[in-house]
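Please open the model in your viewer and keep the selection tool at hand. The stops below say what to select and what is found there.

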Amino acid sequence: MLLLLILAVSLNVSFAEQVQHAYAQQDAEALRSLLRRADSRADSLLSRYRLYPLTEDASLLDNLPKQLNDGSAREHALLSGLWSYRAGEASIFSAVSYGRRSANVLKTAKKLDPDAPYVLLIEGQSLLFRPAIAGRDADAAADRFDRLAQMVEHTPSIGITTTEAHVWEWLALREAGQTEEAASLHDRLLSTSPPPLYRQFLEDPPEV
């Protein structure tokens, strides 16, 4: 793991790409190492956002700011995602408050840049997982992920791959009842021998 990190630095691979690689390989140890050496708020938020789903370590969600007085659309989107994780672990009373906080931070992110890659990713996830009464919309989620896939195709330094975008798009299409499109995308993704996390996602998707 240490050798891979040294190699990544020597090859001038972006921090976000290193995080994406560790996440896709389900390498929590590497992600923890990256979190320790994150030297900006954006990198710290990204590392925590990627590490939590692998570990469900609640301490990663401690001391989240309620809002950012400054910051990019990416930072606001990542903070929204972290508050969403916290809502998923909270009691029903706290979950409502945390969910509202996540939505408000995402709203700020969209005002800053509605087409920023992490805004599209996390807005799509929000549309897919939020309760129906709160505006769940799998079709709209699929649209966000499709737009995201097109955007990141030639920008690996962002730390989101086309595989990730299309895996989320597949899940959204399936939930939207677009079965033929979903099946076709599912087969195409598996034929590319995706990294372990995305293969697991395709073979055993999360409950929506």
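**Stop 1: a helix pair**

In this predicted model, start with α2 and α4, which are roughly parallel to each other. Select α2 as residues 15-24 and α4 as residues 41-55. The angle between the two helices is about 5°, and that is why they count as roughly parallel, a term for angles under 35 degrees. Their axes lie 10 Å apart.

Now show the side chains where the two helices meet. On the α2 side, select F15, A16, V19, Q20 and Y23. Their partners in α4 are D43, L46, S47, R50 and L54. By class, the residues of this contact comprise six nonpolar, two polar and two charged.

**Stop 2: D43**

Stay on helix α4 and centre the view on D43. Is this residue D43 buried or exposed? D43 has a relative accessible area of 12%, so it falls under the 20% cut-off and counts as buried. Next, display what surrounds it. Apart from neighbours within four places in sequence, the contacts of D43 are F15, A38 and R74. Of these, F15 belongs to the α2 side of the helix contact at the previous stop.

**Stop 3: the largest pocket**

The largest pocket holds about 1400 Å³ of space.

Which helices each supply at least two residues of the lining? Colour α4, α5 (73-89), α6 (92-112), α7 (117-129), α9 (162-175) and α11 (196-203) to see them. Colour the lining by residue class next: 22 of its residues are nonpolar, 10 are polar and seven are charged.

**Stop 4**

Most residues other than glycine have a negative phi. Two places to check against that follow.

Select Q26, in the loop between α2 and α3 (28-36). Q26 is not a glycine, yet its phi is positive, at about 60°. Its relative accessible area is 32%, and Q26 is partly exposed.

Then move to S193, in the loop between α10 (179-191) and α11. S193 also has a positive phi, near 50°, in a residue other than glycine. With a relative accessible area of 55%, S193 is exposed.

Methods. Residues numbered from 1 in each chain as written. Predicted model: local features only at pLDDT ≥ 70, side-chain atom pairs only at ≥ 80, totals over all residues. Heavy atoms only, no water. 1 Å grid on protein atoms, 1.4 Å probe; cavity = no way out; pocket = protein on both sides within 12 Å on 5 of 7 lines; lining within 4 Å. Points joined across faces, edges and corners; volume = space filled by probe spheres on them. Helix = DSSP H or I, 4+ residues; strand = E, 2+ residues; numbered from the N terminus. Nonpolar A, V, L, I, M, F, W, Y, C, P; charged D, E, K, R; others polar. Axes fitted to C-alpha atoms, helices over the stretch in contact; angles between N-to-C directions. Parallel < 35°, antiparallel > 145°, perpendicular 65-115°, else oblique. Contact = heavy atoms within 4.5 Å. Buried < 20%, exposed > 50% of the residue type's maximum accessible area, 1.4 Å probe, protein only.
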